[in-house]
Amino acid sequence: MPIIEVSGVAVVFLLILAVLVAFVTEVVPNDVTAIGVVAALVVLEPWTGVGARDAISGFANPATVTIIAMYMLSAGVQNTGVVERLGVSLAEFTAGREYRALVATVCTTGPIAGFVNNTPVVAVFIPMVTGLAESSKLSPSKLLLPLSYAAILGGTLTLIGTSTNILASDFARLLIDGRDGIGMFEFTGLGAVLLAVGIAYLLTVGWRLTPARVPVDSDPVSEFDLDDYLTHLYVRPGSAAVGLSVEAFDDAYPEVRILQIRRDGEAYAGPHSDRVIEAGDGVVVHGPLQAVARFREEAKLGKRPRETVTEDTFESAATDGMLAKAVVSEQSPFVGETVGETGLHDYHETSVLAVRRGGELFRTDLADRTLEVGDLLLVRTTPASVRYFTDTGDLVVADERAFDRLADADIDEVAPLSPKTPIAVGVLVGVVALAALDMLPIVIAALAGVVAMVVTGCLTTADAYDAVSWNVIFLLAGVIPLGIALESTGGAAVVSEFLVATDEFLPTVGVMFVLYAVSGLLASVITPVATAVLMIPVGVSTAARLGANEFAFLLAVMFASATSFMTPVGYQTNLMVYGPGGYEFADFLRVGGPLQLLLAVVATAGIAVIWGV
């Protein structure tokens, strides 16, 4: 092998190692890492063989454009309210029964996720599933993890089910002679088997392994350990607060947040109220003990030691204020901003009382706390703000009790359907049909569908752009040229040699199983998209060296990348339920590990039977 080729392989491997470390440690956001890869590939062009045009080719890749269009199409369907309507209807089916709630959750989510992006589906279902859990006297933890897993499994049903499927289709076109991508329903049969096996697991073994981390009817104050951060005070006659509006009084003491004023059995939400404070008023405040002590002394307030603050403090009296839990989603504009920079307090009358991130709980210096994807916030907010967050997707409100305040039991008010529902659903069906019948390439059909939704008023251009997870798009566009470098320098062939070596003591189907297992582990640590980009060339190269079916090996990587259950960071929906379910990292290993192994066996066997090896 020439020296320049060996050097090129070494450089690409070192770059991949650096990228993997960056993805795992998240020293910078993954999409930023991916864009850095683009620059590094061009700087190192003598070794990587990737010039400027190839380095930015990911942005013009059909898979990238298709994924953008599918985000927009999913938003158009989402705006109709049809998914939310279905979620509300589940309550009638469950009738308060535990196991029926689980069946309704997994059997509904999976099929929907085959056609609509699973992230917004899970976002809509989180509060609904929490409501099902409460009505069934069941811990929400028992349903939220199965919800995420069912949504992931649903992505294996169709070509548009997940971004890794679309990416694999483009790799099939580029790497396999005679292949023009993957058909819309070409692997639906095996996907349906995996969904059925996964659901059977979740309804039996998974049900027993899933822990009940969040107690039934848990009080958020206790759940977030805020007993020492919420205090009930009262206004003495000589207090500096007398005669001031709640808002003016709150602004004078930035270390402490006034959440509620209580008077004669009635409650008034703060801190944005213009109501004038009177002597004898009760004041519910949030802040560290030392700050509250200074506040009491300076404002001459008294403390009511026998009155503890609980969720009932905010719910027992009629007021516009409420406690709610909310998740910072991947599409939230608040990602990367501090709590103070979000404007939640100033513009949305929402006070952040605590932030849970995995096993960490933050209750102090919240204004300077930078928000990350998956953070669970406990907020004091209003019904209007809840509706705003729900409509915009800025936050995923994960507490069904917040929704109970928005409307009565009339399903048409709780989950109204848009008059555009038939049009939006029809457009999505049309896109699927055009691609399935090979009348148009999937990328063109999807773009035409977006235009149709905008023209018919199902989707505004602003909503279309907001629906796209641009960090995923930049991640995808950044790692695609890394796959090009891996292939062009011979790096994929080098890795495949190690897999080929296992052919000495394993049958070909066994080699494919090893490929599947390695890809699945990678997808659980880095991202499914990055795994597909790096491992599909390796899989195709391995098959070529073994004289095996290249398409079968490509499918193995595709299914493995799309079904990562073992960590909360392996898939976006896992991260979304991490906080609301109160899960520990080990819970994903305990429940998702056996499922991932089971599907590896079933998928490998299924590929071998259907497509041959």
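A: There are 13 salt bridges in this structure, counting a side-chain nitrogen of Lys or Arg within 4 Å of a carboxyl oxygen of Asp or Glu. It's a predicted model, so local features need pLDDT of at least 70 and side-chain atom pairs count only at pLDDT 80 or more, while totals for chains, interfaces and linings use all residues. Residues are numbered from 1 along each chain as its sequence is written, and side-chain values use heavy atoms, with hydrogens and water left out.

Start with R213 and E584, whose side chains meet in a salt bridge at 3.5 Å, N to O. This pair ties together distant parts of the chain, 371 residues apart: R213 is in the loop between α13 (205–209) and α14 (220–223), and E584 is in the loop between α31 (572–578) and α32 (585–610). (Helices are DSSP runs of H or I with at least four residues, strands are E runs of at least two, and both are numbered from the N terminus.) R213 has a relative accessible area of 32%, so it's partly exposed, and E584 gets that label too, at 43%. The cut-offs are under 20% for buried, over 50% for exposed and partly exposed in between, with a 1.4 Å probe and protein chains only. The pair also belongs to a salt-bridge network, in which R213 and E584 are linked with D587 and R590.

Next, look at E223 and K325, which meet at 3.3 Å, N to O.

R357 is in strand β7 (residues 351–357), while D375 lies 18 residues away, in the loop between β8 (360–362) and β9 (376–381). D375 counts as buried because its relative accessible area is 0%; R357 is buried as well, at 18%.

Now for the strands. Five of them form an open sheet in the order β3-β2-β4-β1-β5, with antiparallel pairing; two strands pair if DSSP finds at least two bridges between them. Since β3 (266–269) and β5 (301–303) each have a single partner strand, they stand at the edges, and one side of each has no neighbour in the sheet. Strand β2 (residues 257–263) runs antiparallel to β3 and is joined to it by 4 bridges. Touching means heavy atoms within 4.5 Å.

Two single residues are worth a click. T421 is in helix α23 (residues 421–436), and its relative accessibility of 11% makes it buried. Leaving aside residues up to four places away in sequence, T421 touches T80 and V82. L14, in helix α1 (residues 3–25), counts as exposed because its relative accessibility is 58%. L14 and V216 are 202 residues apart along the chain, and their C-alpha atoms are separated by 49 Å.
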